[in-house]
Amino acid sequence: VRLAESGGRSVRAGTSLRLSCIASGSRYHMNDMGWYRQTPGKQRELVATLSLSSRATNYADSVAGRFFVSQGDARDRIILQMDRLKPEDTAVYLCNGRGVDLATARSFDTWGQGTQVTVSP
């Protein structure tokens with residue numbers, strides 16, 4: 001299963017940005033997808049997650065009320081709507097997907113390459 005992110009770019013504080021992540025592959029079932037972010041010297045941190053079955057969401061306290069994760073126009077596509085961006089939101093945003101490989105019945109936990117978001121004051 002492969003994940004591909006898009007939408008990252010440089011923006012000014014206070015503006016909005018929309019990231020997209022789409023999964024591709026064969027014979028798999030995706031259960032959950034989410035967004036994490038990483039900056040140099042810091043641990044990767046959870047931003048938002050979405051259960052594809054229950055639509056339950058989970059957000060980091062630092063983004064709750066500003067960021068919104070939703071399912072896109074395909075089942076295995078998620079969108080991260082980021083509003084009222086702050087300079088501290090600057091990071092590489094990585095998409096995560098967890099599910100089951102139907103060919104082997106094994107679970108997987110996979111990551112995209114990431115997309116850079118830079119927020120200037």
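Reader: What should I know about the model before I start?
Author: This is a predicted model, where local features need pLDDT of at least 70, side-chain atom pairs count only at pLDDT 80 or more, and totals for chains, interfaces and linings use all residues. Residues are numbered from 1 along each chain as its sequence is written, and side-chain values use heavy atoms, with hydrogens and water left out.

Reader: How many helices and strands does the protein chain have?
Author: Start with the rule. Helices (H or I, at least four residues) and strands (E, at least two) are DSSP runs, numbered from the N terminus. Here the protein chain has 0 helices and 11 strands. From the N terminus on, the elements read β-β-β-β-β-β-β-β-β-β-β.

Reader: What is the radius of gyration of the protein chain?
Author: The radius of gyration is taken over C-alpha atoms, and the globule rule is 2.2 Å times the number of residues to the power 0.38. For 121 residues, a compact globule would come out near 14 Å. The protein chain has 14 Å, which agrees. Along the principal axes, its C-alpha atoms fill a box of roughly 50 × 30 × 20 Å.

Reader: What share of the residues is buried?
Author: Buried means under 20% relative accessible area, exposed over 50%, and partly exposed in between (1.4 Å probe, protein chains only). Buried residues make up 38% of the 121 residues.

Reader: What is the accessible surface of the protein chain?
Author: Accessible areas come from the Shrake-Rupley method with a 1.4 Å probe; for residues, only the protein chains shown count as cover. The chain's accessible surface is about 6600 Å². Carbon and sulfur atoms account for 47% of that surface.

Reader: How do I read an aromatic pair?
Author: A pair of aromatic rings is described by the distance of the centres and the angle of the planes. Rings of Phe, Tyr and Trp (its six-membered ring) pair if their centres lie within 6.5 Å; planes under 30 degrees apart count as stacked, over 60 as edge-to-face and the rest as tilted. A search of the whole structure finds 2 aromatic pairs. One is Tyr28 with Phe108, which is edge-to-face, with 6.2 Å centre to centre and 70° between the planes. Tyr28 is in strand β4 (residues 28–38) and Phe108 in strand β10 (residues 106–111), so the pair links distant parts of the chain, 80 residues apart. Both Tyr28 and Phe108 are buried.

Reader: Which residue forms an aromatic pair with Tyr36?
Author: Trp111 does; the pair is edge-to-face, at 5.0 Å centre to centre and 70° between the planes. Tyr36 lies in strand β4 and Trp111 in strand β10, 75 residues apart. Tyr36 has a relative accessible area of 12%, so it is buried. Trp111 has 30%, so it counts as partly exposed.

Reader: What sits over the ring of Trp111?
Author: The rule is that a charge sits over a ring if NZ of Lys or CZ of Arg is within 6 Å of the ring centre and within 35 degrees of the ring normal. Here the charged end of Arg44 sits over the ring of Trp111, 4.3 Å from its centre.

Reader: Is Asp76 buried or exposed?
Author: Asp76 is buried, because its relative accessible area is 14%.

Reader: Where is Thr115, and what does its side chain reach?
Author: Thr115 is in strand β11 (residues 115–120). Its relative accessibility is 10%, so Thr115 counts as buried. The side chain of Thr115 reaches the backbone nitrogen of Gly8 at 3.0 Å. Contact means heavy atoms within 4.5 Å. Leaving aside neighbours within four places in sequence, the contacts of Thr115 include Glu5, Leu19 and Tyr93.

Reader: What is the phi of Arg27?
Author: Most residues other than glycine have a negative phi, and most peptide bonds are trans. Arg27 has a positive phi of about 50°. Arg27 is in the loop between β3 (17–24) and β4. Its relative accessible area is 57%, so Arg27 is exposed. Phi of Arg84 is near 50°, also a positive value. Arg84 lies in the loop between β8 and β9 (91–101).

Definitions and conventions. Polar contact = N/O pair within 3.5 Å; in protein donor to acceptor, adjacent residues only side chain to side chain.
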